[in-house]
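This briefing goes through one chain, topic by topic. Keep the structure in view while reading, and find each residue as it is named.

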Amino acid sequence: MPRPPVSGHLAIDLLRAEFTDRLLETAHLEAQLPRTRRQLAFTLLFCSLYFLCFFATDVAALGIVPDTALLLGARLLVAACAWSCAWLVWRRRPGVKASRLAATVAESVALGCFMVIALHRPGEFHWHAMSLAIMLLVIYLFIPNRLATALAIAAAATAVFLGLTLAYAGMDFADLLTMCMLLALVNTFGALAARRYQLATREEYRARLVLEDAAERDWLTGCHNRRCLHDVLLDTAQARGHAGQPLSVILCDIDHFKRINDSHGHGAGDAVLVDFSKLLQAVAREGVDSVIRYGGEEFLLVLPGTSLSAGVQLAEWLRQRCAAMPVQGHADGATIYTTASFGVASCADGDTPLLELIDAADKLMYTAKRNGRDRVESLLLAAPLPKAA
Ligand SMILES: Nc1nc2c(ncn2[C@@H]2O[C@H](COP(=O)(O)OP(=O)(O)OP(=O)(O)O)[C@@H](O)[C@H]2O)c(=O)[nH]1
């Protein structure tokens, strides 16, 4: 099904760095998911290997003592957790929520074990602060998660670490203050950079949506264009047809449109096109029917699940409404009345290819023109004969 128009629902909440529209935010995260999974799996593997390598510093600081084994256990726990999460993300291809949960679990386990290691090496809190700063930057910038979650985890870890420093490091006030301010700085710039990155990916996604929408829509009327019909609609409408439902198409053309242009100017002609297309768009069921500007003053309605009689009824209703609809011809102030001719082609079980239905409706519309215009012609197409084996 072609997308609904992208209009006012593209706003981004600048504080949370997320789309305000929940559905759009979800669509964006789903679109990002393959990249998110790759980034998460790689970061978890890379960082856990580094975390393991740092066991060398435990041995250098403590020597081989019972505590060293404990610290090795903590580091192995982090590696096991990170590798499990990376494997899950890489192999099982989880959705957005599960990927974020994996990121949060890995971050929490790593920070928890880091605190244990810091506690067992209380003489080196200066170095631990540096390690924590690097871990915080990884959390903000490299592990894909919600900005709010990353901020909460990083802030909580910083608070716990400063509490441990105060309780166990025996640091003088000046050192403690410097550490507090440096960690606050890391958190501030980490959060700002993460926000900037999150905003950039959403702005990129929004620009893509706007461009795709512009490529698939007619600028004047907002209806889908022929490109959309061929790129998007042909497959989906036919898929619906194969489900055994009826399928109808209506092709309509404004009568003597050239005369409107010639008598009232192209601006008035455009106003007629816009008002006529609004009439068609108003009857289209959202997410089901499609309205396509097929040519200059020709429009196509694709109506899945609509029988011939329902299609004819709709076309007849549109014909009457069009004939009774006054359009203001802007430049000369004239009120313009116009009519349109309609061709309706249907198939009962959706087996007829959409292009064949459109072709039939086109011929029927020209029959309506030949028969005096301002009328509806219709035809039920027989199901194609089964192919010989
Ligand atoms: N104002 C305006 N005119 C357009 C647009 N696209 C096509 N046209 C004009 O639509 C007119 C179509 O004329 P014809 O094909 O002769 O059709 P008609 O006058 O409606 O005659 P019948 O279809 O036989 O009833 C041409 O003059 C085109 O220039 C558009 O976007 N805006």
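L357 is buried: 26 other C-beta atoms lie within 10 Å, and a residue needs 20 or more to count as buried. The model is a predicted one, and L357 sits in its helix α12.

- Leaving out residues up to four places away in sequence, L357 touches L247, V249, A345, C347, T352 and L381.
- A159 is 198 residues from L357 along the chain, and the C-alpha atoms of the two are separated by 68 Å.
- Helix α12, which holds L357, lies across β3, β5, β8 and β9.
- The direction of α12 is at about 145° to that of β8.

**The sheet**

- Five strands form an open sheet in the order β4-β5-β3-β8-β9, and their pairing is mixed.
- Which strands stand at the edges? They are β4 and β9 (376-381); each has a single partner strand, so one side of each is left without a neighbour in the sheet.
- Direction ignored, neighbouring strands of this sheet are turned by 15° against each other on average.
- Strands of a sheet pair through backbone hydrogen bonds, and the pairing can be parallel or antiparallel.
- β8 and β9 pair in the parallel sense, over 6 bridges, and A345 stands opposite L379 in β9.
- Helix α11 packs on the sheet and touches β3, β5, β8 and β9. The direction of α11 makes about 170° with that of β8.

**Strand β3**

- β3 and β5 run antiparallel and are joined by 7 bridges. V249 has V302 as its bridge partner in β5.
- β3 and β8 also run antiparallel, with 8 bridges joining them. Here I250 stands opposite V344 in β8.
- How many of the residues of β3 are buried? The count is 8 of 8, and the strand is mostly covered.
- Both faces of β3 are covered. L247, V249, L251 and D253 are buried on one side, and S248, I250, C252 and I254 are buried on the other.

**Nonpolar cores**

- The largest nonpolar core has 44 residues, and V249, I250, F342 and A361 touch the most other members.
- At least two residues of this core come from each of α8 (226-242), β3 (247-254), α10 (266-283), β4 (290-293), β5 (298-304), α11 (308-324), β8 (340-347) and α12 (354-370).
- The largest share, 8 residues, comes from α12.
- I250 is in contact with L301, G311, L314, A315, F342, V344 and A361, leaving aside its neighbours within four places in sequence.
- Another core, of 40 residues, lies apart from the largest one; among its members are A102, A169, M179 and L183.

- The domain assignment divides the chain into domain 1 (8-213) and domain 2 (226-381).
- The centres of domain 1 and domain 2, taken over C-alpha atoms, are 56 Å apart.
- Helix α7 covers residues 173-216, which is 44 residues.
- From its first C-alpha to its last, α7 reaches 64 Å, close to the 64 Å expected at 1.5 Å a residue.
- The buried residues of α7 are M179, L183, V186, G190, A194, R202, Y205 and E216.

**Two loop residues with positive phi**

- Most residues other than glycine have a negative phi.
- R93 is not a glycine, yet its phi is positive, near 45°. R93 is found in the loop between α3 (66-92) and α4 (96-120).
- Is R93 buried or exposed? R93 counts as exposed because 12 C-beta neighbours lie inside 10 Å, and the cut-off for exposed is 12 or fewer.
- H256 is not a glycine either, and has a positive phi of about 45°. H256 lies in the loop between β3 and α9 (257-264).
- With 14 other C-beta atoms within 10 Å, H256 is partly exposed.

Note on methods. Residues are numbered from 1 along each chain as its sequence is written. This is a predicted model: local features need pLDDT of at least 70, side-chain atom pairs count only at pLDDT 80 or more; totals for chains, interfaces and linings use all residues. Helices (H or I, at least four residues) and strands (E, at least two) are DSSP runs, numbered from the N terminus. The expected span of a helix is 1.5 Å times one less than its number of residues. A nonpolar core is a set of buried Ala, Val, Leu, Ile, Met, Phe, Trp, Tyr and Cys residues joined through C-beta atoms within 7 Å. Two residues are in contact if their C-beta atoms, placed from the backbone, lie within 7 Å. Two strands pair if DSSP finds at least two bridges between them. Axes are lines fitted to C-alpha atoms, for helices over the stretch in contact, and angles run from 0 to 180 degrees between N-to-C directions. Domain bounds come from an automatic or database domain assignment.
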